[in-house]
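Please look over the sequence and the structure shown below. The briefing that follows is arranged by topic.

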Protein chains: 2
Amino acid sequence: MSLEAFFKPRGVAVVGATPKPKGGLAIVTNLVMGFTGGIYPVNPNYDTISDIKCYPAISEVPDPVDLAILFVPAKFVPAIVDECGQRGIRAVMIQSAGFAETGPQGKILQEEVDHVAKKHGIRIWGPNCLGMVDSVNKNVFSFASPNMWTVGHIPGNVSLIVQSGMLAGGFLIDNMSHGTMGMSKVCSIGNKSDVDECDLLEYLVSDPDTRAIGMYLEAIPRGRRFAEICKKSPKPIVVLKGGTSQAGAKAAASHTASMAGNGAIISGILAQCGVVQARDFKQMLDICRAFGISPKMDPAMQGRVAILTYSGGAGIIASDFVENFGLKVADLSQETKEKLATVYPDWMPVANPVDLWPAVEKNGGRKVFKTAMEAVCADPDVDMVFLHLHAAGGHLDMDIGQLITMARIAGKPIFCWIIGIMDAARTVHIKAQEMGAPTYRELSRAVESMSVVLQWYKARAMPSSGKDFQPEPAKVRCQVLMEGKQGTLDEHDSKQILASAGIPVVKEVLADTPEKAAEAAHNLGFPVVMKGLAPGMVHKTEQGLVRLGVNTGQEVQTVFAELKAAMGDQGRVLVQQQARIDMEIIVGLVRDPQFGPCLMCGLGGIYAEVLNDAVFAMAPLNMDEALALISRLKNQRMLDGFRGATPVDREALAEVLVCLGGLGMEMEGIREVDINPLVITDGKPLAVDATVIL
Amino acid sequence: MSLEAFFKPRGVAVVGATPKPKGGLAIVTNLVMGFTGGIYPVNPNYDTISDIKCYPAISEVPDPVDLAILFVPAKFVPAIVDECGQRGIRAVMIQSAGFAETGPQGKILQEEVDHVAKKHGIRIWGPNCLGMVDSVNKNVFSFASPNMWTVGHIPGNVSLIVQSGMLAGGFLIDNMSHGTMGMSKVCSIGNKSDVDECDLLEYLVSDPDTRAIGMYLEAIPRGRRFAEICKKSPKPIVVLKGGTSQAGAKAAASHTASMAGNGAIISGILAQCGVVQARDFKQMLDICRAFGISPKMDPAMQGRVAILTYSGGAGIIASDFVENFGLKVADLSQETKEKLATVYPDWMPVANPVDLWPAVEKNGGRKVFKTAMEAVCADPDVDMVFLHLHAAGGHLDMDIGQLITMARIAGKPIFCWIIGIMDAARTVHIKAQEMGAPTYRELSRAVESMSVVLQWYKARAMPSSGKDFQPEPAKVRCQVLMEGKQGTLDEHDSKQILASAGIPVVKEVLADTPEKAAEAAHNLGFPVVMKGLAPGMVHKTEQGLVRLGVNTGQEVQTVFAELKAAMGDQGRVLVQQQARIDMEIIVGLVRDPQFGPCLMCGLGGIYAEVLNDAVFAMAPLNMDEALALISRLKNQRMLDGFRGATPVDREALAEVLVCLGGLGMEMEGIREVDINPLVITDGKPLAVDATVIL
């Protein structure tokens, strides 16, 4: 069932409505203030509530009624949901608390509600939530304080999904009262016993009133579904994930009993899906605001910024940020410089940042800023404009609408940094944003937002690398190799499985006598590596079971005996080609409880321990995704070859990731794979040691 | 001369006063609004200005007059400064523009002013500046718009020095009108022909009205003096340095014709001097505010934070930031948990972050927050409190003053994150800060400020390592070695100079025949390294003039001949012990135009190219400073030894830095030193290759 009834019901029944100053009254009041459909309070004790006819039971409520909002003690909820079902209502929003969040008994009650709902085909929103506020259509389906109407709704095109009721409410009130950001729909998802962030995200992605979506999430249980929706979304999604640190994850577990999951894996998957990951609440809103307000950006744009400022100092700091956030301070064309010179004092050289104060002193702010805006708008070497304003009257009192209109007509995105006398500045902020220019009080945030928005449009438009690589299905071969095995496989068995999936592994032979070992070594070519594989011994090196550089047949036989002895005459001996190591990579497959099979790629060897440089993505990967994953390594330049080393063949490395991802998808029985190291020799990857856990 | 006359004059003459609505009137009006001493407008054309007696010339102004503010066309300034001198005025603030900032002619005029001023012992503030605003004493010595009086001065204890007039003015107005940060003195330094950031900083460090100092600087020409004042300052100094990027440095050069300098060097020196480096304007003010408002912190404190919140989500994000900014989420004592349980609903477990909403619903905000604050204040495992407030009336309407007082009495620093209905939230912000709790609208900024303040108190109280190391003066030995040489010295000469300064260098011998080379190799022990040293050939490796692993006497003779041939029978041949390389470090000495001799220490080898991990400090260094410098390397963990390697002997490495710093101080003739690599073998550093430039 679509969620339409939750957002656009023709009539709403409020079970638990009351004339007393409680949540049940707040819900009715909020409906009266804005909702244009039928409002049907339900309470057997009253004839009217807030001058609206009150019904004794849900069964008595007239048509049409698409949504019931429940705000009654938890224990009554299952019966009422049943009544809703009988009355033909298919959307029930339970705002009452007292369910799974309160422990085992509440959990049982919540399951009971689910059961009843399923029987009737009802979708449940909540329980334990603050409901939904739609500032565009003025639908407030929430027990939140009707105070919010006194500060006023500012319709906008940013919608939010928030896994924290108080936060949703708090932010909404804060935001509404500042008046500098419009909102579309704010959804508080509560215990999400049925409707969850995936359902709502899917709805908002198609919602014509929503242009950008911000989310605060603690857990993403339907991780793969979530990722799929994000990947396909034509709208920007900005996610603030709570619990990315150890302390935060612990707090999340105690808050909504939700597993925060592995922060690094989630960050990797968000990046893979084109989601912008936010750091903080306000920063999330600041970035959403930029997406909501700024016109679509041309992905071919280079990000060359003209900085128009009234302060040399602000121009310099702006330049620092433009460079640090990956944009460029535009080199102005000769024509632009000449136009600017007409308003500049003679002594002042024209440059970008365009420091306009001396010109303003000479010619007044209106004329100077208009001239400057005209010049940079006409400049083919300028892609975007960063405008600084000081709202305090005097010289700098100007027609902001005119300036922004010029930039819009020229097709140049314009962002503003505005300070000044509080009220005057606020007025300018609001006006500028209405005209399509996102505005900020913090300079760095303005540049960051500008950069994030451009990068998002660029990433969405990124052409495919054209590389295609489909590994052979490995299932049949793998099943044979896994037959009868369980737990942690030894190195040789592990690599056979990897090889069957198309991953290049080092040449090696199991030998059961010293003589066969020597013969194998001879065939492989000296020097060889010899390893003792004993059940339960995973730290081979620490246990003296790895011998590098074995150089002669005689030596092979001696080492064979030593390894056997070290293993108490148990275990197997492996003779292996010794690869030259230009670099070590680690590649792994893990099964995340939320996202299923995920791939890890990291720098290995000494780098692994110190640089801690590893990136994650959800399997399967295509070549483009695998190449993108590799390029997300912080120190990816290490792959490019320096001091004459051959660069790592990124395609070959990507193919390993594609194969491993495919293996993870095909073979559910494989719990974990750790290829460490994946040695790079002459640019090519080779799995030299590996562990597969079934 | 002290700067007292600029800040606390008994009388002020305003040359260029006028009744017309211009800057000259603004200066008088600003004085009338707040200054309690004598105000003496000077203008031959008027008898009174703003009902104050006007004087025809500076010579006519009555006693006492300690300061003259000049706001007349630049060309008249030298003569007026002369008149000031004759009148006995020793402090002149020139707010007129038209000097060095306008090019060569203006520069000559500015020099003329300096000359006249020196003759009379006058200190000049400016020219081309916005003057000074002292919100505590209500002294506004500035042509800035008297509008500021309508928004109101908020006295505080943060003072600012700003190298950008418009910025100083803009920020002041913005800040005053928001009302959430008190200020002491805001100084706009303009062209700083005489009084500069060092003078003002020195004054403010001793100013009883100033507790914390924020600075926006583009250049720091008297770098060493600046560093010295910062090092000694008992007050926190927060510096935003403009022009740290290439684009920003270019902009700075064009703005105040000032060299922004090398961002990495400046960052290093700021860290060395205990200065907090800010990223952005607002962030600088936010951190200054924390220093100004929060009581002194106990440096022994562990930074264990109790998070009191009305939102589980905000508690989780706060936990993430607490961990990421190096603080700890406190483990609450059993007693605290029991106290909290008395107000919590039964089903809810007590933990930190302390999520109070369900308790608030049950028992009301006032009681619950008071109980919670009491509990964490009494908890010996809690050092600091992070309080979240939602100012929108209702349940969360509480006595913020009471809560903060409890924390102050308990000696626990308290920081607040406050959102809500704009005006209500602003009132709470102001009240909380008056009570000593810094408040923020952005959650991360609150935690960052908390962390920065604590780290500053900790760093100031850091005990000395007790390591003492005084290198022998090298001057006499060095002078001999440098005798008759110039430009880039070859490796051998360079290392001899380093050795003379006490730096361990690899054993090596210059050989002028193949036989002597072989003999030297024999004495040094095989294998040896052989190098051809030819004048002008600095890239020896690329030119094939470095041979590693020369193993026999015969080989030595062959290589000798080859090297000689490669150098066209010119140059010298060096035979060197071959050091085993566990790790490579780069150490350097450069002369910064602003800060003089500075030291660099970075990771070498392949790390140098990819990790770009190098840190800087001003020479000379003592052992504590050298050890601190090493520990500022991003990847300093690489020095600790992994996979069984011997850790780098940090003291020995520090001694190299101390020696090199001493050399730089003693020998002004040395322009640059590059030790690359400083090889680490068994933990000990050894200079294997080096270049000294005279």
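**Two copies and their axis**

Chain B can be laid on chain A by a turn of 180° and a shift of 0.1 Å along the axis, with an RMSD of 0.1 Å; copies are superposed by least squares on the C-alpha atoms of residues with pLDDT of at least 70 in both. The two copies are thus related as by a two-fold rotation axis. This is a predicted model, in which local features need pLDDT of at least 70, side-chain atom pairs count only at pLDDT 80 or more, and totals for chains, interfaces and linings use all residues. Residues are numbered from 1 along each chain as its sequence is written, while chains are lettered from A and ligands numbered from 1 in the order in which they are written.

**Where the chains meet**

- Of the residues of chain B, B:Leu611 comes closest to the rotation axis, with its C-alpha at 4.7 Å.
- The same surface serves both copies, since 100% of the contact residues of chain B recur in chain A.
- In total, 76 residues of chain B are in contact with 76 residues of chain A (two residues are in contact if their C-beta atoms, placed from the backbone, lie within 7 Å).
- Helix H12 (residues 312-324) of chain B gives the most to the side of chain B that touches chain A, namely 11 residues; helices (H or I, at least four residues) and strands (E, at least two) are DSSP runs, numbered from the N terminus.
- That side of chain B comprises 32 nonpolar, 31 polar and 13 charged residues (Ala, Val, Leu, Ile, Met, Phe, Trp, Tyr, Cys and Pro count as nonpolar, Asp, Glu, Lys and Arg as charged, and the others, Gly among them, as polar).

**Strand E15 of chain A**

- In strand E15 (residues 304-309) of chain A, 5 of the 6 residues are buried (a residue is buried if 20 or more other C-beta atoms lie within 10 Å of its own, exposed if 12 or fewer, and partly exposed in between, with C-beta atoms placed from the backbone).
- E15(A) runs parallel to strand E16 (residues 328-329) of chain A, joined by 2 bridges; two strands pair if DSSP finds at least two bridges between them.
- A:Val305 has A:Val329 as its bridge partner in E16(A) and A:Met384 as its bridge partner in E18(A).
- Strand E18 (residues 384-391) of chain A pairs with E15(A) in the parallel sense over 4 bridges.
- Strand E17 (residues 354-355) of chain A also pairs with E15(A) in the parallel sense, over 2 bridges, and there A:Val354 is the bridge partner of A:Leu308.

**An open sheet in chain B**

- An open sheet of 4 strands has the order E21-E24-E22-E23 (chain B), with antiparallel pairing.
- Strand E21 (508-511) and strand E23 (546-550) of chain B stand at the edges, each with a single partner strand, so one side of each is left without a neighbour in the sheet.
- Strand E22 (residues 528-533) of chain B pairs with E23(B) in the antiparallel sense over 3 bridges, and B:Val528 stands opposite B:Val550 in E23(B).

**Helix H20 of chain B**

- In helix H20 of chain B, 7 of the 10 residues are buried, including B:Ile497 and B:Leu498.
- The buried residues of H20(B) pack against several elements of chain B, among them helix H19 (475-482), E22 and E24.
- Just after H20(B), B:Gly502 takes a positive phi of about 95°.
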